[in-house]
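Good morning, and thank you for joining. I shall present one chain, and I ask that you keep its sequence and its structure in view while I speak.

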Amino acid sequence: MLSVSGLSKRFGGFLAVNQVSFEVRQGELLGLIGPNGSGKSTTFNLIAGTLAPSAGSIRFDGAEISGLPPYRVCRMGIGRTFQIPRPFRKLPLIENVALGAYYSQAGGITQSEARRRAEEALALVGLPTAADATTHGLGAAALKKLELARAIATGPKLLLADESLGGLDPAEMAGAARLLADIRSRLGMTVVWVEHIMGALMPVVDRVIVLDHGEKIFEGSPDTCARDERVIEVYLGRRRESPPP
Ligand SMILES: Nc1ncnc2c1ncn2[C@@H]1O[C@H](COP(=O)(O)OP(=O)(O)OP(=O)(O)O)[C@@H](O)[C@H]1O
Ligand SMILES: [Mg+2]
């Protein structure tokens with residue numbers, strides 16, 4: 001479904017994404033992990049058109065999308081969430097989500113259809129659908145759900161979820177993992193999930209890609225990932241050769 005090849009992004013003299021290649025298969029739930037600053041969000045921004053690549057190709061459903069503006073990428077069927085939620089605080093929840101539906105349809109959608117889609121998306125993530133429900137008082141976990149609902153309302157074939165659940169407690173993290181698994185199985189969406197906490201993601205993903213300093217250092221099953229020397233080194237530091245004296 002998605003084929004990324006030789007993707008690079010340079011900020012001045014700094015290579016944030018360095019020659020990254022990978023494929024996403026239709027229907028899969030793929031985990032994209034790596035330490036802070038390893039290039040995960042930048043990779044999403046390159047695919048979603050928020051940033052233009054310095055080099056490389058991004059093909060979606062056979063078409064080259066590299067360098068297209070975000071609204072065109074969205075209308076081709078790629079939805080994305082942002083790591084830092086920034087809802088429209090003055091709009092009710094339902095309108096925040098309905099905006100996603102309008103954005104993806106270039107205006108060719110009625111108000112009632114946009115609201116229907118928004119209600120569906122809100123119900124799926126477990127947020128209130130009432131017309132007067134607002135963002136007031138929503139915590140970190142609920143704001144992440146709102147991000148997901150907004151992306152789902154665009155009706156994507158491929159969902160790029162930049163979750164990074166750092167601020168969530170273990171129960172909320174497990175809930176977020178279940179929700180993404182649900183989105184894949186119930187809506188049939190293909191999902192790439194960015195996260196830097198391995199424990200939350202590993203139980204639900206089919207496959208994992210690991211980035212470190214902008215480079216892909218691993219691709220494979222969650223099981224082999226957890227045993228991979230290089231991945232362990234990146235997350236935990238180098239193993240001692242011999243016990244300390
Ligand atoms: N617009 C930008 N200009 C300059 N440097 C940037 C820009 N965006 C990201 N970077 C740098 O690129 C590197 C990769 O950042 P990125 O946000 O992709 O990391 P990440 O893997 O998503 O990290 P985290 O787990 O903390 O979310 C970081 O060193 C970051 O400071
Ligand atoms: Mg990030």
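Predicted model: local features only at pLDDT ≥ 70, side-chain atom pairs only at ≥ 80, totals over all residues.

**The β9–β10 pair and the two sheets**

I begin with strands β9 and β10, which pair in the antiparallel sense over 5 bridges. Two strands count as paired here if DSSP finds at least two bridges between them. Helices (H or I, at least four residues) and strands (E, at least two) are DSSP runs, numbered from the N terminus. The two strands form a hairpin with 2 residues between them, and His213 in the turn has a positive phi of about 50 degrees. Within this pair, Val208 stands opposite Gly220 in β10.

Residues are numbered from 1 along each chain as its sequence is written, and chains are lettered from A and ligands numbered from 1 in the order in which they are written.

To which sheet does the hairpin belong? Six strands, in the order β6-β7-β8-β3-β9-β10, form an open sheet with mixed pairing. Strands β6 (78–80) and β10 (215–220) stand at its edges with a single partner strand each, so one side of each is left without a neighbour in the sheet. From one strand to the next, the twist averages 15 degrees; axes are lines fitted to C-alpha atoms, for helices over the stretch in contact, and angles run from 0 to 180 degrees between N-to-C directions.

Gly31 stands opposite Val208 in β9. Helix α6 (residues 170–187) packs on this sheet, where it touches β3, β7 (158–162) and β8 (190–195), and its direction makes about 165 degrees with that of β8. Contact means that the C-beta atoms of two residues, placed from the backbone, lie within 7 Å.

The hairpin of β4 and β5 has 2 residues between the strands, with Asp61 in the turn at a positive phi of about 50 degrees.

**Helices and burial**

Is α1 mostly covered or mostly uncovered? It is mostly covered, as 9 of its 9 residues are buried, a residue being buried if 20 or more other C-beta atoms lie within 10 Å of its own, exposed if 12 or fewer, and partly exposed in between. Among the buried residues of α1 are Lys40, Phe44 and Asn45. Just after α1, Gly49 takes a positive phi of about 90 degrees.

Two packed helices are described by the angle between their axes and the distance between the axes. Helices α4 (residues 111–125) and α5 (residues 140–152) pack at an angle of about 140 degrees, with their axes 9 Å apart. In α4, Ala121, Leu122, Leu124 and Val125 meet Lys145, Leu148, Ala149 and Ile152 in α5. By class, this contact has 7 nonpolar, no polar and 1 charged residues; Ala, Val, Leu, Ile, Met, Phe, Trp, Tyr, Cys and Pro count as nonpolar, Asp, Glu, Lys and Arg as charged, and the others, Gly among them, as polar.

Leu148, in helix α5, is buried, with 27 other C-beta atoms within 10 Å. Not counting residues up to four places away in sequence, Leu148 touches Thr81, Val125, Ala161 and Leu179.

**The chain as a whole**

The chain has 9 helices and 10 strands. Of its 245 residues, 39% count as buried.
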